[in-house]
Amino acid sequence: MRTAPETPADVRRHNLARVLRHLSDHGPCSRGEAAAATGLAHGSLTALTADLVGRGLVREAGPVPGGGRGRPRRHLETVPDRVVSVAVRVTRERLHLAVADLAGRLGHRSDVAHSTPDGDPGALADALAAAVRETADAARDAHPGAHLAGTFLAVPGPVTAGGRVFSTDFGRPGPVDLGTLLRDRLGETAGPVTLANDANLAALAEYRALTVLRGAPPRSLAYLKADVGVGGGLVVDGRIEAGGHGVAGEPGHMPVAFDGPPCPCGGRGCLALYLGPEALTDAAGLGGLRADRGTEAAVAALGRALAAGEPAAVAALYL
């Protein structure tokens, strides 16, 4: 359920984010252009940009050409390396980590294999904490003086506001209080820890990319993926639409055959059992590779086989 800002501080924070997002997405522009694009009054825009400049998040660039008489107008642009964060994508087999700046540019990256025993999310939290500490140290070394905004995790499965994850990919149907487990291990070493569903974040990234490409935001967007289970996300008016139970746009555990095989989620005949990466790679004859090197390696091999038009891979999509 969406709630409107309730206090003047909330409104100001929201408007600061609007201005910063516009400058980040659309590049340098004048205050007048930013005011027109965000719908803010020119006086409000001037005060907000002064705040952003004071925080070191925005700076004045070169003059705007054709400004006429009087004081020349100047472009505003973000200072991307003023803020950095640790971004982590979690799968059952690997941790993909990177340092990201305010413009979304990726710096230090690492790819860590891990093994999560069924029913023991603490082992995953241990592996995550070690990998995040190393990446946070790399962020500080590469961006001295930058503010470390925090650690942001993309995880498979619905995520509650407190960081509890409902996912069979962590060895049990859930819930797994991964947020608390990781915060307890990290303390303040990598800033606040935020968890979100990986498909929702991918949907939001596609929405923002389309906005930049078209010059205007689409009304809505639906995103589907099948690299880790079968997931999806919905974006409406620039916001993730997760629904009342946090599973809107998530088709993986919708039953498509009520007499189908049992699923780790407790149901039967779920879509993920037929269109998930395990089912597709097995159908393409890549079950041995998946057993030896893991699901991600098998999915990558399936992608290469599809690009090459290999019959077994193409047939797997029509089973």
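The dialogue below covers the sheet, then the helices.

Tutor: This is a predicted model: local features need pLDDT of at least 70, side-chain atom pairs count only at pLDDT 80 or more, and totals for chains, interfaces and linings use all residues. Residues are numbered from 1 along each chain as its sequence is written, and side-chain values use heavy atoms, without hydrogens and water.

Student: What is the strand order of the open sheet?

Tutor: Strands of a sheet pair through backbone hydrogen bonds, either parallel or antiparallel. Two strands pair if DSSP finds at least two bridges between them. Strands (E, at least two residues) and helices (H or I, at least four) are DSSP runs, numbered from the N terminus. Here, 5 strands form an open sheet in the order 5-4-3-6-7, with mixed pairing. Strand 5 and strand 7 (193-197) are the edges, each pairing on one side only.

Student: Which residues of strand 5 stand opposite His96 and Leu97?

Tutor: His96 faces Asp111. Leu97 has Ser110 as its bridge partner. Strand 4 (residues 94-101) and strand 5 (residues 106-113) are antiparallel over 6 bridges. They form a hairpin with 4 residues between them, and Gly104 in the turn has a positive phi of about 85°.

Student: How many bridges join strand 3 to strand 4?

Tutor: There are 7, and these strands run antiparallel. Val88 stands opposite Leu97 in strand 4. This hairpin, of strand 3 and strand 4, has 3 residues between its strands.

Student: Where is the parallel pairing with strand 7?

Tutor: Strand 6 (residues 147-155) runs parallel to strand 7, with 5 bridges. Thr151 pairs with Val193 there.

Student: At what angle do helix 4 and helix 5 pack?

Tutor: Two packed helices are described by the angle between their axes and the distance between the axes. Axes are lines fitted to C-alpha atoms, for helices over the stretch in contact; angles run from 0 to 180 degrees between N-to-C directions. Helix 4 and helix 5 (residues 178-186) pack at about 50°, with axes 9 Å apart.
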